[in-house]
Amino acid sequence: MEVVCPIDEKCAPEIAALLRPPPPPEIQDYFDQLLASREFCGLKVKQDGDYGKGVYADVDFKDGELLLRDQMLFGCQHPSNKIDCLVCSFCFRFIGTLELQIGRRLFFQDLGLSSSHGCDTGSCSVVSNDHGASDSSDGDCVVDEKSYDDSRGCTSGGKRAKAPLPKEIVESLMNGQMVLPYSDKFSMPPVIPCAGGCQEAYYCSKVCADADWNSFHSLLCTGEKSEAFSTKALLQFIQHANETNDIFNLAAKAIAYTILRYRKSKENFLSTCMKDKAHVMDNHHMPLLLEAWKPLSVGHKRRWWDCIALPEDVDPSDEAVFRMEIKELAFTSLQLLKEAIFDKECEPLFSLDLYGHIIGMFELNNLDLVVASPVEDYFLYIDGLPSPEKVYIIAPFCLLASVTEFGTLCICDRLYWQEEAKKVSQPYLDALGDEYAGSCEGTAFFPLQSCMNHSCHPNAKAFKREEDRDGQATIVALKPIPKGEEVTISYIDEDLPFEGRQALLADYGFTCKCSKCQEES
């Protein structure tokens with residue numbers, strides 16, 4: 001049966017206005033301002049009537065040179081990944097201490113949870129309170145490559161069996177009683193909890209906490225200070241998203257972001273009105289909503305159920321049924337979100353048509369969010385220590401027992417030697433097993449990176465350098481790029497045969513005509 005959303009018909013003119021791209025001068029002005037706010041401004045976004053937007057070099061770039069660090073507009077960590085990695089909910093930097101990162105992973109591991117199994121509630125949180133006892137509570141993308149080799153390890157050989165540690169050792173890691181040798185070389189920002197009290201969002205600074213609250217989280221927080229209409233419905237929405245497709249969490253951020261921008265604009269606008277504010281709002285309500293929506297209005301969109309790739313296990317004869325099921329899934333998600341954060345003045349945002357276009361924009365433009373783990377860096381550092389040079393740090397709270405006799409903690413000062421550092425850290429590596437190197441993983445929408453067009457023979461790529469330790473997209477040159485040349489990236493594996501590349505790119509709604517495809521066609 002066809003899914004019908006009453007708001008689609010009721011607000012049809014407003015929805016059409018929201019989905020209509022802004023005039024080209026407005027789009028250009030938006031991207032010019034956005035580029036000016038970035039660390040490096042050697043790029044230019046240009047519009048083409050036939051091919052949409054593109055990013056061009058405004059200066060000459062060398063091979064390997066940084067082109068862009070693009071701040072995400074919306075991003076989220078995969079729910080199952082929250083088990084392995086405690087990161088800032090806004091910038092996605094790792095937070096806390098090395099010991100806390102290792103301890104909470106071992107804690108969940110002992111509960112039988114891991115990133116491969118997920119969490120029944122869809123969210124997992126274990127952080128220490130003031131270094132005391134721990135609290136616990138409940139598409140197709142362009143791949144952001146990492147500058148390190150995933151195959152790197154501290155030991156050679158096959159799959160390493162995990163060697164569990166005693167509970168008291170895990171607890172001592174989380175509550176700050178255990179300090180591992182050299183861990184101070186891998187310091188992280190302190191953990192700042194959500195001011196709304198949800199015990200799910202944590203931050204690296206008050207700046208990030210405030211930015212997240214003002215941009216999205218005040219409406220999406222499930223704590224006692226949440227501004228959501230119904231936190232019960234919000235919890236149901238989150239659970240549904242985590243159990244089906246966490247792209248819905250991104251869509252919720254987009255809608256919350258627009259609502260909060262609208263409310264702020266309305267507040268500022270009304271502060272300038274001397275009288276008859278209700279009548280004034282009748283005439284200015286839609287312009288304010290359109291202005292709040294502008295960052296999303298410039299993105300390329302198609303309805304999600306129309307553009308999502310057909311899974312390999314779905315027979316082409318069942319495609320219509322599959323796409324209808326996807327539409328029904330989106331409608332269920334939307335209804336839960338509507339119950340949670342509905343705002344009458346922003347009613348068009350809760351139409352299924354608009355919701356489908358928002359998710360479709362993410363489906364077509366998202367970049368994998370990857371941030372390297374300091375836990376991996378730590379064990380690689382320990383493994384690479386020269387011997388027998390002396391360690392020049394003092395660990396005030398150290399394990400004095402041998403590596404096979406746990407449970408004896410002693411408060412004292414002690415100098416570590418290199419071989420001893422390896423002996424002390426090895427049990428933790430053994431307990432983590434082969435998954436010790438887990439990165440923060442998620443998905444995000446980057447406004448400037450999303451303007452970069454595809455080529456099967458690209459001149460740039462998303463690439464995490466060693467110094468890139470947050471969720472920003474990093475684009476580097478693959479070859480010299482002269483001023484005026486378009487910057488292109490690959491949306492797919494460009495090493496696939498011609499037919500395979502064309503089939504994958506069809507899901508994006510275009511036929512690639514790059515030089516490589518023209519040569520091979």
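Guide: A residue is called buried when its relative accessible area is under 20%. The model before us is a predicted one.

Visitor: What relative accessibility does Cys221 have, and is this residue buried or exposed?
Guide: Burial requires a relative accessible area under 20%. Cys221 falls under that limit and therefore counts as buried, its relative accessibility being 0%.

Visitor: How many disulfides does a search of the whole structure find?
Guide: A disulfide calls for two cysteine sulfur atoms within 2.5 Å. For Cys204, the nearest cysteine sulfur belongs to Cys91 and is 3.6 Å away, and Cys204 is in no disulfide. Cys221 is likewise in no disulfide, with the sulfur of Cys194 as its nearest at 3.8 Å. Over the whole structure, the number of disulfides found is zero.

Visitor: Is Cys204 buried or exposed?
Guide: The limit for burial is under 20% relative accessible area. Cys204 has a relative accessibility of 10%, so this cysteine counts as buried.

Visitor: Which residues touch the most other members of the largest nonpolar core?
Guide: In soluble globular proteins, nonpolar side chains tend to be buried together. Here the largest nonpolar core holds 85 residues. Apart from this core lies another of 60 residues, among them Cys5, Ala233, Tyr257 and Tyr355. In the largest core, the residues that touch the most other members are Phe31, Leu67, Ile102, Phe379 and Tyr428.

Visitor: With which residues is Phe31 in contact, leaving aside its neighbours within four places in sequence?
Guide: Phe31 is among the residues that touch the most other members of the largest nonpolar core. With neighbours within four places in sequence left aside, the contacts of Phe31 are Val45, Lys53, Val298, Pro447, Leu448 and Cys451.

Visitor: Which strands are at the edges of the open sheet of four strands?
Guide: The sheet has the order E1-E2-E19-E16, and its pairing is mixed. Strand E2 (residues 52–57) runs antiparallel to strand E19 (residues 486–489), with two bridges between them, whereas strand E16 (residues 453–454) runs parallel to E19, again with two bridges. The strands that pair on one side only, and hence form the edges, are E1 (43–48) and E16.

Visitor: Which residue in E19 stands opposite Val55, and which opposite Asn453?
Guide: E2 and E19 are joined in the antiparallel sense, and Val55 has Val487 in E19 opposite it. E16 and E19 are joined in the parallel sense, and the residue in E19 opposite Asn453 is Thr488.

Visitor: At about what angle to E1 does helix H3 run?
Guide: Helix H3 comprises residues 24–36 and lies across E1 and E2. Its angle to E1 is about 165°.

Visitor: Why is one side of E4 and of E10 left without a neighbour in the sheet?
Guide: These strands belong to an open sheet of three strands with antiparallel pairing, in the order E4-E15-E10. E4 (74–77) and E10 (367–371) stand at its edges, so the reason is that each has a single partner strand.

Visitor: What is the bridge partner of Leu369 in E15?
Guide: E10 pairs with strand E15 (residues 440–445) in the antiparallel sense, over five bridges. In E15, the bridge partner of Leu369 is Gly442.

Visitor: Which helix packs on this sheet, and at about what angle to E4?
Guide: The helix touches E4 and E15 and spans residues 247–270. This is helix H8, whose direction makes with that of E4 an angle of about 140°.

Visitor: What is the phi of Phe92, and what is that of Tyr182?
Guide: Phe92 is in the loop between E4 and helix H4 (98–110), and is buried at a relative accessible area of 2%. Tyr182 is in the loop between helix H5 (167–174) and strand E8 (192–193), and counts as buried at 4% relative accessibility. Neither is a glycine, yet phi is positive: for Phe92 it is near 70°, and for Tyr182 it is about 70°.

Visitor: Which backbone nitrogen does the side chain of Asp468 reach?
Guide: Asp468 lies in the loop between strand E17 (460–464) and strand E18 (473–477), and counts as buried at 3% relative accessibility. Not counting residues up to four places away in sequence, Asp468 touches Arg69, Phe463 and Thr474. At 2.8 Å, its side chain reaches the backbone nitrogen of Arg465.

How values were computed:
Residues numbered from 1 in each chain as written. Predicted model: local features only at pLDDT ≥ 70, side-chain atom pairs only at ≥ 80, totals over all residues. Heavy atoms only, no water. Core = buried A, V, L, I, M, F, W, Y, C linked by side-chain atoms within 4.5 Å. Buried < 20%, exposed > 50% of the residue type's maximum accessible area, 1.4 Å probe, protein only. Contact = heavy atoms within 4.5 Å. Pairing = 2+ DSSP bridges. Axes fitted to C-alpha atoms, helices over the stretch in contact; angles between N-to-C directions. Polar contact = N/O pair within 3.5 Å; in protein donor to acceptor, adjacent residues only side chain to side chain.
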